[in-house]
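Here is a short note for your first look at this chain. Keep the model open while you read, and find each residue as it comes up.

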Amino acid sequence: MNCTSLTSVTFGSGLTQIGDGAFFDCTSLKSVTIPSKVTSIGYRAFSGCVSLSSVTLNSSLLTIGEGAFRDCTALKSIKIPSKVVSVGSDAFNGCTALTSVTIGSSVSTLGDYVFSGCTSLKTITVPKTVTSFGYRVFYNCNSSFVMKCYKDSIAETYAAENDVTYKLLDMSVPKVTVKSKYTSTTSSVKISWNKVSSASGYIVYRYNSSTKKWVKQKTIYGSSTTSYKQTGLKAGTTYKYRVKAFIERGDYKYKSAYSSTIKTSTKPAKVTMKSASKSKTAIRINWKKVTGASGYQVQRYNSSTKEWVTVKTIKSGSTLTYKQTGLKKGTVYKYRVRAYRVINGEKIYGAWSKTKKVTTKS
């Protein structure tokens, strides 16, 4: 169809796509507003519309086809909506008057020669979502053209191979919030944190008190995994952790700042009871020192209530004995002891010792 005299067009409200070559070489067409339900613009749909100076793309648009606006030499600006994920090869090739381009925040692919020959285009910001550059995307733009991009290998390689000047932008990655509660055993610690939905994953670091440095322990891929369990640790030992979120683009990881530090502890080792001494009215129990213990909890069994009752909390890790007086002669008493550590104002308890049975003298 010869449409060289077409100056305007009215679209039906139910239109969902504009087909290949729909308005190819409509040289008198001056402005176009794409209807709200259209999700795709086909191959060379408006190619050669040399009078087309105004194009309004709708917010529902998902794809812009190859050569869709090629050689629209009067087009001065274009705003690619936020839902568009793909801009086809040659889409705006030869748009020599184009000075302003906004690329939507969902675009992941820019095809070959998309903005090639846009000689009035001086600068463009490529969003962080773009991971695939076609061949010579900005070929033959003006000599002072600058591509603003995020630092990933794809963008840098493209710029180097195509003699394009680029400015690196910083990608902001939200900081991780580590939860204050953690779980532990004598040989493991498990920490957790709040999800960072935009993250590609997380990096967990542990402080090395010998070197005074933070050392990477694990790189976790996927934003939904929000915990880390480290095994093979020493009993009764303090461990400090930090977490960073990262967003991965190509071979490069953009990292957040460190989270706050969480101070953790493995549980103290199980107490080993030693020999006990006794008289008619007193019993002294003894145990071996537990490394890292802040103190010990001593309990005696109540045969009437069938319950263990705390008779003493010892606040020193070096005190390894307890004497109870005022007992009945010739009576059996049962004791048990466990170590604890104080971390972040809370007691972390180890396992109970074996029961020590002692009978007072008659």
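1. Start with two terms. Two strands pair if DSSP finds at least two bridges between them. Helices (H or I, at least four residues) and strands (E, at least two) are DSSP runs, numbered from the N terminus. Now use them. The bridge partner of Ile-124 in β12 is Met-147. The strands concerned are β10 (residues 123-125) and β12 (residues 146-150), which run parallel and are joined by 3 bridges.

2. A word on the source. This is a predicted model, in which local features need pLDDT of at least 70 and side-chain atom pairs count only at pLDDT 80 or more, while totals for chains, interfaces and linings use all residues. Residues are numbered from 1 along each chain as its sequence is written, and side-chain values use heavy atoms, with hydrogens and water left out.

3. Follow β12 onward. It is also joined to strand β13 (residues 165-169), by 5 bridges, and these two run parallel. Met-147 has Tyr-166 as its bridge partner in β13.

4. Next, a sheet. How many strands form the open sheet that starts with β1? There are 6, in the order β1-β3-β5-β7-β9-β11, and the pairing is parallel. The edge strands are β1 (17-18) and β11 (132-133), each of which pairs on one side only. Strand β9 (residues 109-110) runs parallel to β11, with 2 bridges between them. Leu-110 stands opposite Phe-133 in β11.

5. Step back to the whole chain. Its secondary structure comes to 1 helix and 29 strands. The C-alpha atoms fill a box of roughly 120 × 45 × 25 Å, taken along the principal axes. The radius of gyration is 36 Å, whereas a compact globule of 362 residues would have one near 21 Å. That radius is taken over C-alpha atoms, and the globule rule is 2.2 Å times the number of residues to the power 0.38.

6. Burial and contacts come next. Buried means under 20% relative accessible area, exposed over 50%, and partly exposed in between (1.4 Å probe, protein chains only). Of the 362 residues in the chain, 41% are buried. Contact means heavy atoms within 4.5 Å. Among contacts between residues at least 6 apart in sequence, 46% join residues at least 24 apart.

7. Now the rings. A pair of aromatic rings is described by the distance of the centres and the angle of the planes. Rings of Phe, Tyr and Trp (its six-membered ring) pair if their centres lie within 6.5 Å; planes under 30 degrees apart count as stacked, over 60 as edge-to-face and the rest as tilted. The structure holds 17 such pairs. One of them is Tyr-205 with Tyr-258, edge-to-face at 5.2 Å centre to centre and 80° between the planes. This pair links distant parts of the chain, 53 residues apart: Tyr-205 is in strand β16 (residues 201-208), and Tyr-258 is in the loop between β20 (252-255) and β21 (262-265). Buried or partly exposed: which is Tyr-258? Tyr-258 counts as partly exposed because its relative accessibility is 25%. Tyr-205 has 8%, so Tyr-205 is buried.

8. Tyr-221 and Phe-246 also form an edge-to-face pair, at 5.6 Å centre to centre and 80° between the planes. Tyr-221 lies in strand β17 (residues 213-221) and Phe-246 in strand β19 (residues 238-249), 25 residues apart. Phe-246 counts as buried because its relative accessibility is 0%. Elsewhere, ring pairs link a cluster that includes Phe-11, Phe-23, Phe-46 and Phe-69.

9. Look at two arginines. A charge sits over a ring if NZ of Lys or CZ of Arg is within 6 Å of the ring centre and within 35 degrees of the ring normal. Arg-136 lies over the face of Tyr-139, 4.0 Å from the ring centre. Arg-338 lies over the face of Tyr-349, at 3.9 Å.

10. Gly-295 lies in strand β24 (residues 295-302). Gly-295 is buried because its relative accessibility is 0%. Not counting residues up to four places away in sequence, Gly-295 touches Arg-338, Ala-339 and Tyr-340, among others.
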